[in-house]
Amino acid sequence: MTQWYQLQQLDSKFLEQVHQLYDDSFPMEIRQYLAQWLENQDWEHAANNVSFATVLFHDLLSQLDDQFSRFLIENNFLLQHNIRKSKRNLQDNFQEDPIHMAMIIYNCLKEERKILNSAQLSNQMEVGSLQNTMIGMLDKQKELDAKVKAVKNSVIDVEQDIKTLEDMQDEYDFKCKTLQNREHESNSASQEEYKKEQMNLNKMFLSLGLKRKEVVNKIVQLLNTTEHTQSALINEELVEWKHRQQTACIGGPPNACLDQLQNWFTIVAESLQQVRQQLKKLEELEQKFTYDSDPITKNKQVLQDRTYSLFKQLIQSSFVVERQPCMPTHPQRPLVLKTGVQFTVKLRLLVKLQELNYNLKVKVLFDKDVSEKNSVKGFRKFNILGTNTKVMNMEESTNGSLAAEFRHLQLKEQKNAGSRTNEGPLIVTEELHSLSFETQLCQPGLVIDLETTSLPIVVISNVSQLPSGWASILWFNMLSTDPKNLSFFLSPPYAKWSKLSEVLSWQFSSVTKRGLNADQLSMLGEKLLGPTSGGSHDGLIPWTRFCKENINDKNFPFWLWIEGILELIKKHLLCLWNDGCIMGFISKEKERALLKDQSPGTFLLRFSESSREGAITFTWVEGSQNEPQFHSVEPYTKKELSAVTFPDIIRNYKVMAAENIPENPLRFLYPDIPKDNAFGKYYSRPKEAPEPMDLDSPKGNGYIKTELISVSEVHPSRLQSPENLLPMSPEDFDPVSWMVGPSEIDTVMCSAYST
């Protein structure tokens, strides 16, 4: 595998460094055509030896001649033209100074190796970090597995001890009664035997007392272990899962499955249920036989209360919202609900006990105990329509979990008497609400109320409010972990750019195959923080700057601009975005800096900064590197892209000046990818015309078929002068070859580029 091939597999940030290495003095196309040969030569020696440098210079020209011959056989006129021009440039620049050429090539190859090493080191660090994270998670899981298993084994151990205790007590009771029956025997031999039996009974009593104390102590230790394990499950694992759920709701990585957590919760719950039964058994033993300072009598109430408290805490914590409220029409925008539109929500009990199947009836309530209803002026109130109760069962879930899913709920706003005031401190999309879910667990001697709440939701009455509502959901779940903090937007906190940039990237990666890279995020950071910030990770961004204030001199805020671009990508540009063809977010200054050193006809794709609904444009470079000219086409919106696909626009785009032949100025997608290589697979395929004798083909309708193409009209002065003609594209060559014969073209080309 050549070094050049390895370089082409790198991420864009490293490819950008490669592009900086090559210019017209030694063009990248020669590096491409002669990759293997260039890497096999000793350029370091040539850079210090004139004779050897001269030999390699002429060898290089011979290699270019061979390459030209291959293009001649392939009848590729365009590439013949380009390689002749490259050969002539080399002769002009290095014929008298071949050592200079050797030094340039040597330095380029050396810098390429540095870039490769840097990329490999970066990958190793990322892989290492990921591996460390995964190892840490696995170690933590193994540790919890061991703790849960220890609880289960301790319960089994106590169960065995209680059986032993019961056997000892039965034997002691039997011997006590037997000895009582022999108490009145009068002969001396019987008296001696009686005393001996009495001493044995005393020993048994002591052993029984020690065993009772041992069992009680083991239960105390078991409950200590259970409490420690349960604390890790509730205060660490469950909290982390809920945080991951918040992250997943706003486009972050998918949340881990709850099955492992359910397994741990269930084992601990089963263990506590067994402890309750064991304590009942000890109470039965105590009722049959007790004594002063009996450890069972002394500790049973404390142990029962503690067991009940632990079980109650576990069962209440296990009642969770597995899938947050979401409209099926907008699955990637959960927690934004529209009045009159059905939404779904799923509850789950992580304690999967068979006796609870079909025994827990869940009721859903809206804004239960929400103080904002009275404290915030203009706070809206809603009723829940649809079936608001559901029984939890194990049959509806594919994984057999104990769950209840509400599928047909709707919200309807309560209309107050008189006119509604809109003078409250919160706009509709900043007003946070919540859904509460209640049920009750009832077992013999056990009644536990269970309740959980959804993450805050935004209720809208018009789909046009969805983007702003989603912005509120992003901001809350990025900065708050308290689902009951419904007054969040009365004083919304600032967001660090380091966190907001990650969330913005998620908005793209969650609906496409590609998030935002560092360069794209840098441009967005400067847009929010100002050009002098450089997209500082520590920069603080207020909520109003993100979603409410008009950005720079535009008449729309930052988030609505991003939202428009997301919609444009999803509906019209998805494949091009996934392939990395769209640079997208780049300032005009950076755009020109990238294009100025590129071959004429090089273009890049970026999103318009002046269109609220989302628009895309392309900019290309013309002229020499000393005086480059840049041209940008009027941005295309969904209106144009609904009529013609963007790849077809790029393929057929023409520039026309006065009576000149229209030409397509777009040749290479930045940095140097031939246009057809980048977009060819997305071009519309022309339908084949029916054969003349095809009797089944539909008859013509009398109209000449038309095709929509984009044409820009420019002043003739903006066209390039004849002496600076660019390499021709196939689209330009076709009309030229139609007017001028092949022999005449060859004569012109040979005289212009003869060596």
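Q: Which residues of α14 and α17 make the contact?

A: From α14, Leu-504, Gln-507 and Phe-508; from α17, Phe-558, Trp-559, Ile-562, Ile-565, Leu-566, Ile-569 and Trp-577. Contact means heavy atoms within 4.5 Å.

Q: OK, and what's the angle between α13 and α14?

A: About 135°, with helix α13 (residues 466-479) and α14 having axes 11 Å apart. α13 and α14 are therefore oblique to each other, as angles under 35 degrees count as roughly parallel, over 145 as roughly antiparallel, 65 to 115 as roughly perpendicular and the rest as oblique.

Q: Who's touching whom there?

A: Trp-470, Leu-474, Trp-475 and Met-478 of α13 meet Lys-499, Leu-500, Val-503 and Gln-507 of α14.

Q: Switching topic: what's the mean pLDDT of the chain?

A: It's 83, with 85% of residues at 70 or more; pLDDT is the predictor's confidence in each residue, from 0 to 100.

Q: Where does pLDDT stay under 50?

A: Residues 687-697 are one such stretch, with two contacts beyond four places in sequence. Residues 715-733 are also below 50, and that stretch has 42 contacts beyond near neighbours in sequence. Where pLDDT is low, the predicted coordinates should not be read in detail.

Q: And the ground rules?

A: Residues are numbered from 1 along each chain as its sequence is written. Local features need pLDDT of at least 70, side-chain atom pairs count only at pLDDT 80 or more, totals for chains, interfaces and linings use all residues, and side-chain values use heavy atoms, leaving out hydrogens and water.

Note on methods:
Helices (H or I, at least four residues) and strands (E, at least two) are DSSP runs, numbered from the N terminus. Axes are lines fitted to C-alpha atoms, for helices over the stretch in contact, and angles run from 0 to 180 degrees between N-to-C directions.
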